[in-house]
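Let's take a walk through this one, question by question. Have a look at the model first, then join in below.

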Protein chains: 2
Amino acid sequence: MPKVTVEHRTARHDQIVSAARRCAIEQGFHKTTMADVIRESGLSAGAVYGYFKSKDELVSAIADQALSSVDELFEGILASDQPLTPLAALRATLEHVVEIAEQPGGDVTRVALQAWAEAMHNDAIAGIAREKYSLLRHKFAEVARRAQADGTVDADVDPEYIAQVMFALIPGFLLQRLLLGDVTPKTFATGLTALLK
Amino acid sequence: MPKVTVEHRTARHDQIVSAARRCAIEQGFHKTTMADVIRESGLSAGAVYGYFKSKDELVSAIADQALSSVDELFEGILASDQPLTPLAALRATLEHVVEIAEQPGGDVTRVALQAWAEAMHNDAIAGIAREKYSLLRHKFAEVARRAQADGTVDADVDPEYIAQVMFALIPGFLLQRLLLGDVTPKTFATGLTALLK
């Protein structure tokens, strides 16, 4: 038997999650079966079950990916010495979201909506969502603190409250993009600028 | 046979939708069966099927209710002669949302999240969501126009773009309220005020 390397295992794992994600994007979590994922992955049933024992484990893996916070993006945003406005941080986040949504292989933001719904009745998904979204909101609180230090935002207000509002704009943008199809980072930033003035 | 009045039919219809909503709040659209709804409603299978031929019809009825725009609220808000700020309109909307969420019989906003997910794969639900949310956003555009007329918001910006941002805050608030549980209309209005200053 050849030795199975860590790289090989990681690649197989990702291959299965990608197949499951494509199924979830197309038909939703609930209608997707293990048989669908096996077919879509091009692997054997034994291989797939070797990585994921149940559909629940797969759903968690997809949700984890779909809800992933935009950590790398914020590292870049927060590392800059330039004055950082909430508007600039939000616009960069929205552009990042659209970039992710438009990647080949289907719009993963459609799966985020399913993960939100699933979190209402599935403790594992709720835990993942809470963890990812707490992290993302924490990043927005850092942006708020920076803006308060720069003097562009009232320093007397709890930055967590400011972060709640900044965070809210992301799912609100996503939902309109998917349902109504007429929002872009540009229209959103224009509307936000008018409100912030 | 007694004559079945319109009032009787409406009451029966609402009784079934309420039962279905309670099932959906507790276990989600997908796990809810017609048998669950029949049991929960206390009516006979024949009675329930007399109003809803399939689970799909019931899901549409619940989604319609859960996504209902807050028309009455906006009638009140827009009827007033007082200067109307986007902040005041948003705060009133959020307070209304929390009031609806806390009504006895379970938090209907949990069903809104399911309807969003369902809209990704169900054209009927997508149509309902688009209709309801276009209406709600239209109301926010009216608020934006009023604020532009009052001179509190830049009159050069398309009010539809401002409405996109105002609208976004509602699902963004809902999602955080259900997932993270730490937002209130007050914390949100405080954060928003700091950003708008």
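Visitor: How many residue pairs are in polar contact across the interface of chain A and chain B?
Guide: Keep in mind that this is a predicted model, and that both residues of a pair need pLDDT 80 or more to be counted here.

Visitor: Which helix gives the largest share of the side of chain A that touches chain B?
Guide: There are several contributors: H1, helix H7 (109–119), helix H8 (123–150), helix H9 (159–179) and helix H10 (185–196) of chain A each bring at least two residues to that side. The largest share is 15 residues, and the helix behind it is H9(A).

Visitor: How do the residues on that side of chain A divide into nonpolar, polar and charged?
Guide: Chain A puts 50 residues into the contact, and chain B puts in 50 residues too. On the side of chain A that touches chain B, they divide into 31 nonpolar, twelve polar and seven charged.

Visitor: What area is buried between chain A and chain B?
Guide: Carbon and sulfur atoms give 72% of it. A:Met120, A:Leu179 and A:Leu195 supply 16% of the area that chain A buries against chain B, more than any other three residues. The area buried between the two chains comes to about 4,600 Å².

Visitor: Which residue of chain B forms a salt bridge with A:Arg137?
Guide: The rule finds two salt bridges across the interface of chain A and chain B. In the one with A:Arg137, the closest N and O atoms are 2.5 Å apart, inside the 4 Å cut-off. The partner is B:Asp182.

Visitor: What relation do chain A and chain B have?
Guide: Chain A superposes on chain B (RMSD 0.0 Å) by a rotation of 180° with 0.0 Å of shift along its axis. So the relation is that of a two-fold axis.

Visitor: And in chain A, which residue has the C-alpha nearest the axis?
Guide: That C-alpha sits 2.2 Å from the axis. Both copies use the same surface, with 100% of the contact residues of chain A recurring in chain B. The residue nearest the axis by its C-alpha is A:Leu196.

Visitor: Now inside chain A: what area do domain 1 and domain 2 bury between them?
Guide: Domain 1 covers 6–62 and domain 2 covers 67–196, with 28 Å between their centres, taken over C-alpha atoms. Ten residues of domain 1 are in contact with twelve residues of domain 2. Of the area they bury, 59% is on carbon and sulfur atoms, and the total is about 920 Å².

Visitor: Which three residues supply 56% of the area that domain 1 of chain A buries against domain 2?
Guide: No other three residues of domain 1 supply more of that area. The trio is A:Ile25, A:Phe29 and A:Ser60.

Visitor: How many salt bridges are there between domain 1 and domain 2 of chain A?
Guide: Polar contacts do turn up, with four residue pairs across that interface (both at pLDDT 80 or more). The salt bridge count between these domains, though, is zero.

Visitor: Which residue meets A:Glu95 in a salt bridge?
Guide: The N to O distance is 3.1 Å. Both partners lie in helix H6 (residues 86–101) of chain A, four residues apart, about one turn of the helix. The residue that meets A:Glu95 is A:Arg91.

Terms used
Residues numbered from 1 in each chain as written. Chains lettered and ligands numbered in written order. Predicted model: local features only at pLDDT ≥ 70, side-chain atom pairs only at ≥ 80, totals over all residues. Heavy atoms only, no water. Domains from an automatic or database assignment. Contact = heavy atoms within 4.5 Å. Buried area = accessible area lost by both parts, 1.4 Å probe. Salt bridge = Lys/Arg side-chain N within 4 Å of Asp/Glu carboxyl O. Polar contact = N/O pair within 3.5 Å; in protein donor to acceptor, adjacent residues only side chain to side chain. Nonpolar A, V, L, I, M, F, W, Y, C, P; charged D, E, K, R; others polar. Least-squares fit on C-alpha atoms with pLDDT ≥ 70 in both.
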